[in-house]
Each structure stands twice: as C-alpha cells, then as structure tokens.
Amino acid sequence: MKILIIGATGLIGSKVAQKLQSLGHSVVAGSSSKGINALTGAGLEEALKETDVLIDLINSPSFEEGPAVEFFTRTGNNLVGAAKAAGIKHYVILSIVGTDLMQNIGYMKAKKVQEGLVKGSGVPYTIIRSAQFHEFVPVIADIATQENRVHVSTLDFQPIAAEDVAGFVTGLSVQSPLNSIVDIAGPERKGMSAFVEDYLSARQDSRVLVPNDRCEYIGIAVPQSALVPDNGAKLGGITFADWISGQSA
C-alpha cells in the first residue's frame with residue numbers, strides 16, 4: 001500500500017515509517033521540507049495521489065488553548081478535505097486517552113476538535129487514543145521538582161513505550177478502518193508517583209519523591225482515572241523497567 005505519514009519525523013512518526021517500510025509498504029514522509037504542509041494545505045493533493053492510507057501524527061507547536069485549537073482546526077480541515085478528494089481508504093490519527101474527561105485543558109480541547117473533524121469527514125477512520133508515554137515520566141519529574149523534592153500525584157497512571165505506540169499505529173493502519181476509537185496503554189497500572197519513584201531509583205537520582213493525593217497532572221486538575229483507559233484497551237508489552245533499562249543501554 002501507499003501510505004502518507006504527516007508528522008513522520010517525530011518520535012512516533014519516524015518509528016512508524018520504519019516499521020511500515022520493513023513490511024514492504026510505500027511510505028511518503030510528509031513534511032514542509034518536501035513541499036507537503038498540512039497547515040497551509042500545500043502539496044497535499046499531489047502527495048495523496050494513489051494513496052491508500054493517511055496517518056496523521058502531527059502535533060501543535062503550542063499547548064495553549066487558542067493556538068492549539070487553531071492549529072488542529074486548520075490542519076484537520078486541510079487533511080480531511082484532501083483525503084476526501086483523493087478517496088483515501090483509511091484515515092488514522094493518534095490522540096490521547098482521557099481526552100473527553102480533560103476538557104478543562106486547552107490542548108485536550110484542541111485534540112477533541114481534531115477527532116471531531118475526522119469523525120465527521122465521511123472518510124473511513126481509526127482514532128487511536130494513547131496513554132501517556134514512558135518517555136514523559138522524566139519530564140513529569142523535572143516539572144514537579146522543587147529544590148531536591150519531587151512532588152507528584154498518586155493519580156492512576158498506565159504509561160506506554162513509544163516503541164509500542166508505533167507498533168499499534170503501524171498494525172492498525174494496515175488493517176480495515178474501525179470507524180471508532182481504540183485505546184492503547186502500557187502493561188502496568190499504578191500511581192503516577194510510583195512510576196516517578198521507580199525512575200528516580202533506577203537512575204540513582206538523589207531527588208526525594210513526595211507523593212500527594214492532589215488529582216493534578218503537571219499542575220492541572222484532572223479526574224483520578226482520566227489518564228488510564230477503560231477495560232478493553234490494547235496493551236503494549238514493554239514494561240517501565242524494560243524501558244528504563246533500554247535508556248541506560
């Protein structure tokens with residue numbers, strides 16, 4: 001199949017491109033450097049000629065509500081319009097577990113807009129909602145650090161390795177469209193503070209973890225279980241300990 005990936009140079013996109021190529025698919029890496037710009041619509045018509053699958057992994061450069069909503073609205077409309085005109089057989093986007101439950105966060109509102117454009121497009125689609133990545137845990141620790149103490153919530157958490165995310169995106173993209181949402185997450189669920197503690201311990205980090213029961217993610221109030229999927233999610237196989245070991249290697 002011919003597959004166009006928008007956002008092919010990012011953490012997930014680069015991995016998906018490699019996996020699809022290894023399976024023998026023809027992959028076009030959509031980027032502005034190649035004259036393909038989802039924000040302006042430039043190059044989309046040509047890039048989508050004789051294309052079977054469109055994978056949208058693009059991300060807003062801003063997490064603030066206004067700019068993020070504008071970004072996903074413009075790119076979504078451009079991509080949906082071009083996909084319909086080209087007769088795309090499968091439109092795949094990567095979203096976030098708990099998007100519906102965290103509409104008090106501007107970025108989540110923007111992702112909801114993106115999802116809505118795809119759902120209402122009339123193009124066969126699959127929306128993949130991913131839990132937070134293993135790769136975000138060090139960032140969470142750094143943001144939560146005050147002097148030598150790391151203040152992290154005990155919120156329910158079930159992170160997934162980027163490698164597993166890429167595997168799910170690859171597999172679902174070459175299957176028939178689900179015309180619905182599928183959740184993906186890691187194999188382990190426990191408090192967010194416990195994952196941060198495991199990370200600090202494995203890295204022999206001298207910072208001291210201070211768990212708290214405030215339902216906050218990076219300083220923003222969210223429901224206790226907003227960051228984890230309901231039953232029925234597809235689970236990756238890479239544990240957090242495996243991921244840490246891989247980073248050390």
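Ile218 sits in the loop that joins strand 12 (216-217) to strand 13 (220-221). The model is predicted. Ile218 counts as partly exposed because its relative accessibility is 41%, between the 20% and 50% limits.

**Surface patch**

- Ile218 belongs to a nonpolar patch on the surface, along with Val139 and Ile143.
- Together these residues have about 250 Å² of accessible area.

**Salt bridges**

- Side chains of opposite charge can pair when their charged atoms come close.
- The whole structure holds 12 salt bridges.
- Lys49 pairs with Glu46 in one of them, with the closest N and O atoms 3.0 Å apart.
- Lys49 is partly exposed, as its relative accessible area is 44%.
- Glu46 reaches 52% relative accessibility and so counts as exposed, the cut-off being over 50%.
- Another salt bridge joins the side chains of Lys109 and Glu65, at 3.5 Å from N to O.
- That pair links distant parts of the chain: Lys109 is in helix 4 (residues 106-119) and Glu65 is in helix 3 (residues 65-86), 44 residues apart.
- Lys109 is partly exposed at 30% relative accessible area, and Glu65 is partly exposed at 38%.

**A charged network**

- Arg129 and Glu115 meet through their side chains in a salt bridge of 2.7 Å, N to O.
- This pair also links distant parts of the chain, with Arg129 in strand 5 (residues 125-130) and Glu115 in helix 4, 14 residues apart.
- Are Arg129 and Glu115 buried or exposed? Both residues are buried.
- Salt bridges connect Asp100, Lys112, Glu115 and Arg129 in a network.

**Aromatic rings**

- The count of aromatic pairs is seven.
- Phe71 and Phe72 make an edge-to-face pair, 5.4 Å centre to centre with 80° between the planes.
- Phe71 counts as buried because its relative accessibility is 11%, under the 20% limit.
- Phe72 is buried too, with a relative accessible area of 0%.
- Phe195 and Phe240 form an edge-to-face pair, with 5.4 Å between centres and 85° between the planes.
- Their pairing links distant parts of the chain: Phe195 is in helix 7 (residues 192-202) and Phe240 is in helix 8 (residues 240-248), 45 residues apart.
- Phe195 is buried at 0% relative accessible area, and Phe240 is buried at 2%.
- One aromatic cluster is made up of Phe63, Phe71, Phe72 and Tyr107.
- Which charged end sits over the ring of Phe195? Lys190 places its charged end there, 5.1 Å from the ring centre.

How values were computed. Residues numbered from 1 in each chain as written. Predicted model: local features only at pLDDT ≥ 70, side-chain atom pairs only at ≥ 80, totals over all residues. Heavy atoms only, no water. Patch = residues over 30% accessible without salt bridge, like charges linked within 9 Å, V, L, I, M, F, W, Y side chains within 5 Å. Areas by Shrake-Rupley, 256 points an atom, 1.4 Å probe, with all protein chains shown as cover. Salt bridge = Lys/Arg side-chain N within 4 Å of Asp/Glu carboxyl O. Helix = DSSP H or I, 4+ residues; strand = E, 2+ residues; numbered from the N terminus. Buried < 20%, exposed > 50% of the residue type's maximum accessible area, 1.4 Å probe, protein only. Phe/Tyr/Trp six-rings, centres within 6.5 Å; stacked < 30°, edge-to-face > 60°. Lys NZ or Arg CZ within 6 Å of the ring centre and 35° of its normal.
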